[in-house]
Amino acid sequence: MSKILITGASGQIGSVLTEKLKEKYGTDNIIATDLHHNPNYLGQFEILDVTDFEALQKLVENKGISQIYHLAAILSANGEKFPLNTWDINMKTFFNVLEVSRLHNIEKVFYPSSIAVFGNNVERVNTPQSSNLTPSTVYGMSKVAGENWAKYYTEKYGLDIRSIRYPGIIGYQSLPGGGTTDYAIDIFHKAINQEEFECFLGPDTMLPMIYMDDAIRATIELMEAPKEMLRIKTSYNLVGMSFTPETLASEIQQIYPNFKIRYRPDYRQQIADSWPMSIDDTDARIDWGWQPKYGLKRMIQDMIVNLNPSLQFTR
């Protein structure tokens, strides 16, 4: 059985993915890591700064690691506050993962990319897989560089590196973590608590999104797909749905009629305006059979049921 190391295991994606991997491969085979100890975690948890090459290498050696899911990173909106630090951390951690994987013959590496790799010079509707990548944020720049380094290590050293360009991820399992699409998480907490929501994006800002359950399932399906089926050596486009803040708020108001939203766009609006409005993920569908299960209405109902269990829907 594979021994799987997860960096950034306490983050938005990491916390959910770690639990799913424990279910699938057994708690004893999953080693979760992050900068700070998680007292609520049940299983093997190690404090790890992935910028420390020796610490990462020692952990891989001592635990007999065969797969790495590298989720540690500074996200888009937070990354713009300290751009040089963002670049340094995002790149150094990935370089360390790549080199340790090369030196220790790691079987598979997962690297999360993002729609932040696209700039405003692409087709913003159904943005193709092979679009020009000229991002507007340091986070996006680091992800483009990471995609190219993944391709380099795949072709030069034979590493098996797999990657998804995540759209905005919506989930009830964690609070917003500093991403430009995180309004779509915060809005639910405000609605359920009967608070007015101030949106940092304009009402008609269309962005591609995916529900957490679909994102986690897509990640595991990609990692389990036969290597020979995967043609993309950088990162796969992926999407579940696209919507605007106004559309999302309107759907929530069908359930919470008194919910109020006001719009006060800030610096994140410029970031969102440089990203696609919808994504073409045909290659993921062809290569490893990707199919989303959650559309807008089903996602909203599932979010609310999990955040407010007293409210149930007829399915």
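Student: What's the volume of the second largest pocket?
Tutor: About 170 Å³ in this predicted model. A pocket is an open set of points on a 1 Å grid over the protein atoms alone, where a 1.4 Å probe fits and protein lies on both sides within 12 Å along at least five of seven lines. Its volume is the space filled by probe spheres set on points joined across faces, edges and corners.

Student: Which residues line the second largest pocket?
Tutor: Among them are V16, K20, Y172, Q173, K293 and Y294 (lining means an atom within 4 Å of a point).

Student: And which helix gives the largest share of that lining?
Tutor: Helix 7, with six residues. Helices here are DSSP runs of H or I, at least four residues, and strands are E runs of at least two, numbered from the N terminus.

Student: OK, what volume does the largest pocket have?
Tutor: About 930 Å³. It has 39 lining residues, and L71, A72, A73, I74 and L75 are the closest to its centre.

Student: Switching topic: how far apart are the end C-alpha atoms of helix 5?
Tutor: They are 27 Å apart.

Student: What follows helix 5?
Tutor: G158, with a positive phi near 80 degrees.

Note on methods
Residues are numbered from 1 along each chain as its sequence is written. This is a predicted model: local features need pLDDT of at least 70, side-chain atom pairs count only at pLDDT 80 or more; totals for chains, interfaces and linings use all residues. Side-chain values use heavy atoms; hydrogens and water are left out. The expected span of a helix is 1.5 Å times one less than its number of residues.
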